[in-house]
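Subject: Structure handover

Hello,

The structure is below, followed by notes on what was found in it.

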Amino acid sequence: MSSATLASPSGRVSAQLEYVTFRLADQWLGIPVMMVQEVLVAMRIARVPMAPDAIAGFLNLRGQIVTAVDLRKTLRLPVRDAEAEIMNVVVLHEGELFAFMVDEVGDVVSVANDLVDPTPATLDPRWRAACTGIVRRDRGLLLVMSVLEVLRLEQPSG
Amino acid sequence: MDDLLRDFLTESNENLGKLDNDIVELEQHPEDTARLNGVFRTIHTIKGTCGFLGLVRLEGVAHAAENVLDALRAGRLTVEPELIGDVLAAIDCIKSVLQALEDTEAEPEGDDAALIQRLEQWLGAEGGAHANTPADGVFAITPSVPAATPVASRPAPTTADAQPAVVAPVVAAREQSVAATSDSSGAGSSWDGVDRRGKGESAAAHVADSTLRVGVDVLDKLMNLVGELALGRNQLLQLAANADESPFAKPVQQLDRVTTDLLEAVMKTRMQPIGNAWTKLPRLIRDLAQSSGKQITLVMHGAETDLDRQILQAIQDPLTHMIRNSADHGVETPDVRRAAGKPDGGTIHLSARHEGGHVVIEIVDDGAGINASRVRRKAVERGLVKADVADAMPDAQILRFIFEPGFSTAEQVTNVSGRGVGMDVVRSNIDAIGGTVELSSQPGRGTTVRIKIPLTLAIISALLVGTAGESFAVPQIGIVELVRVTEEQHTLVETVHGTQFYRLRETLLPLVPLRALLGLEAAAGSDTYNIVVCQVGEARFGLVVDDVFDTQEIVVKPVGRMIKHLQAYAGCTITGDGRVIMILDPAGIATIAQVASNETRDEAEQAALAAERALAALQTDTKESVLLFDAGYPALQAVPLSLVARLEEFPLSSLEEADGHFLVQYRGALMPVIGANAAMNLRAMDPRPVIVFSDRNRTMGLAVNEIRDIVEEHVELQRRAARPGVLGVSVIAGRATEVIDTDHFLRHAHGESLAVSDGVAAVPTIDLPTPAAA
């Protein structure tokens, strides 16, 4: 179950959502688990000349074409080292598969909806556009990323 | 939706599609009883089922039409255009009700009384004979029942409680008709129709047994899966090929064979005869002919030619549009045709055939043709091209403007066509499926439209090429030829205004280096590269790549939203070794590189640019090798070296005279020799320098006084010449030089008719001193 209704200690009923967490540079982010199809280790990516910068290319996932999106580039983070390990979080969005290239994939965490705060106004505008909320955890902040909004950032207009 | 209703809609729509055609055919061949029976059966089936389903409005119309058809069958009425028109109107009405049924699941409101009355009037006109349906005939065994109008022949009241009353008689009628057919002894004259109908239905049922209705989504899924299977097969084949003595070799081979067969079989399930896209055309032509007072026959060949259903759908509208154009703009009215000495009736031939991996569709009419000068004028008026450029463009190129958005030469906008919408859509639709459309026309003789489309979109044959270390696939359909350019041949590449051209058999082929187009880094490599000559519409260009690998059948996959906007790609595919590679789109590349026009708005600009470029190439920009010679005129004469076959010197003794011509035995044939100067005495020089020209299968020698030089020069005609045989005067090597018209001499040497003004040219052969022929 990706979403469940549990009684919180206060006795109030609170919906909660599970997130696949992943790291980009020092920041942990999460995507709702029901959007994630699978997680892949680095795969051969076919470059597409003239494609937008963050579109790393296509990868072949058992005969299906997956568009690889380098989230570091989308979120304007420094380019990772050539030898750095890459993980792919494959999401299904409107019938199309996308692989989000990230630095590390963490646990699946369950977060009650009322613990998700709005993103702070001081956040970088690009990050604000991509993320819908922020969760304070003991281990640090977790940004909730919207697949729709991230892809919208990269989608060519027209 | 109710299953019963859905089945009824599917079946009826299928039958009605055929019906239009059948009825138009019937109008032309009234004696075709089999067809008449078919039409009757279809309408009857619809009527019967309507009864079950309580569709009273539909039933009323179907019943009235059925009555008329029955009277036709019985010979009580004869086929005539108005009657057929009314039957078609009834079918249209049925179609519109069916459409509404599909949309809303309920019969739409509407009053068909007028239509039904019109149909019934025909029955009144049959001279007292009553309007029985065969179903009624079952009830009224005695045919003498006067003008019986049983329940079913009137539109039944629409109240719900009246419906069972409608249903019941039809059910009863069916049961009785079955009983009647099995009881042959009871079959009187009025049973006849029922009997035949029974046979027909069983035949139809037999055909239905051997076919199965399968959802398109199932077929598409199947196609995808087989595509994947083929990719897996390709991978296995590569693995097996790399391993020596692999125990897998045999099973892999077997798998390969089966996969290929399976692929073919699945492709076949998606194939439909092109005739399915033609069913509406005879009706369209008939209605058009009727409303415009023209006589038009539509002749269709190759309706059984199979096409992928996806492509079939894509070409349906363009085809309909072009047929309509041919009928409306092409074929003239009978009096105009008579005045032009043509038969009253015009003919439109529509044909389809397989040609290589493609289907070629041709639409040929014998109408007025397209007036190229009018197109030229319109194009200039609309600012699509400059007047001088337009004048220099050949007619074939001028006709391409017809595919411009909003272009129409119709003086009169009819309700059918002439609004200038359409031909641009036609071309963009056909472009979209990787097809091409060509148009040619002879004024007064007719127009031919030739459409070439791929058999299928899902799996295409593609050439794999490599540039800067990346691989790409180029669809085979766009490729004309491959040229390998070695280091020594680099001189064949010329640069004009920053665009590279390759001299390919005396034409200049604009080059598009793929590496620069895609912004790839240069790979250190050899100086040898390859040119993939691509054809987009009528334009050709050369795609420059490093390597050419092999041809493969590839499964086309869409590229997804992130790069869909990139015109250079038509899709992507997965190769045998599991790599993803991009499929290049020659049409898109042509647009980006501006070497040919595409459906973009600035097409006109680009077309004009291309024409200007061509003109410029002809006149100023390219250096040509020019042969200079002296023919006894004050100025030197010049001819482009490309037109010269050979330079020879003939001894006087080899010049023979026969039939008023000087001839020389040259390479086993007699070649006429004429003087470049009318006043030249061919025998005054020994040996005589001769320039040999040839054109198709004609060869001639042009006698000159002296060959002077071969120079590289821009040939620009400064002024046109008054003397026949001279194209004009150009400055070559710093001197005014006459450029000769080789065609003039060729025609003259072969005694072909020349214009009156060419009289001078006739002189050389007559004016010569004529010693006895050898």
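In what order do the 5 strands of the open sheet in chain B lie? The order is β2-β4-β5-β7-β6 (chain B), and the pairing is mixed. This is a predicted model, in which local features need pLDDT of at least 70, side-chain atom pairs count only at pLDDT 80 or more, and totals for chains, interfaces and linings use all residues. Residues are numbered from 1 along each chain as its sequence is written, while chains are lettered from A and ligands numbered from 1 in the order in which they are written.

Helices (H or I, at least four residues) and strands (E, at least two) are DSSP runs, numbered from the N terminus. Two strands pair if DSSP finds at least two bridges between them.

β2 (296-301) and β6 (436-442) of chain B are at the edges with a single partner strand each, so one side of each has no neighbour in the sheet. From one strand to the next, the twist averages 10 degrees; axes are lines fitted to C-alpha atoms, for helices over the stretch in contact, and angles run from 0 to 180 degrees between N-to-C directions.

Inside the sheet, β4 (residues 346-355) and β5 (residues 358-365) of chain B pair in the antiparallel sense over 8 bridges. His349(B) has Val364(B) in β5(B) as its bridge partner.

Helix α12 (residues 309-330) of chain B packs on the sheet and touches β2, β4, β5 and β7 (446-454) of chain B, where contact means C-beta atoms, placed from the backbone, within 7 Å. The direction of α12 makes about 175 degrees with that of β7(B).

Regards

Key
Two residues are in contact if their C-beta atoms, placed from the backbone, lie within 7 Å.
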